[in-house]
Amino acid sequence: ATPGTWRLSAGADGSFARFGAASGGDLFSLQCDARTRTITLRRSAPGATGRASLAITTSDGAQALSAFADAQGYVVTLPAGSPLLDQMAFSRGRFAVTLTGQPTLYLPSWTEVSRVIEDCR
């Protein structure tokens with residue numbers, strides 16, 4: 001498992017779960033936009049440019065997503081009803097996030113993941 005913990009915060013527009021070490025930056029996050037009923041997945045990657053393949057592997061299988069770069073890493077936005085989100089929330093213990101050129105993250109599927117998803121539905 002990747003060292004770190006989930007931290008949950010909520011705002012007027014939705015909730016936000018960030019995973020990383022308490023003393024370091026976020027490695028991965030999920031953010032609900034309640035207005036558009038979408039969830040943004042962000043994998044931190046310093047110096048990210050262009051597009052990349054972001055793969056999510058759960059106990060139900062794997063799915064590759066086309067991600068685009070922003071100032072903090074690579075981003076994918078999914079509809080809140082996406083089956084992949086349920087697979088992440090209910091994966092047996094953890095799920096993996098793979099991004100070319102970055103270490104694979106093995107993240108626990110704790111309640112923070114489910115909370116962000118449910119807040120958007």
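The answer below begins with the helix and then turns to the chain.

A: This is a predicted model, in which local features require pLDDT of at least 70 and side-chain atom pairs pLDDT 80 or more, while totals for chains, interfaces and linings use all residues. Residues are numbered from 1 along each chain as its sequence is written, and side-chain values use heavy atoms, without hydrogens and water.

Helix H2 comprises residues 111-120, and its buried residues are Glu112, Val113, Val116, Ile117 and Cys120 (buried: under 20% relative accessible area with a 1.4 Å probe, protein chains only). These residues lie on the same side of H2 because they cover an arc of only 135° around the axis, taken from the directions from the helix axis to the C-beta atoms. An α-helix has 3.6 residues a turn, so residues three or four places apart point the same way.

The protein chain has two helices and nine strands, assigned as DSSP runs (helices H or I, at least four residues; strands E, at least two). From the N terminus, their order is β-β-β-β-β-β-β-α-β-β-α. Of the 121 residues, 44% count as buried. The C-alpha trace spans about 35 × 30 × 30 Å along its principal axes. Among contacts (heavy atoms within 4.5 Å) between residues at least 6 apart in sequence, 50% join residues at least 24 apart.

Methods: Buried < 20%, exposed > 50% of the residue type's maximum accessible area, 1.4 Å probe, protein only.
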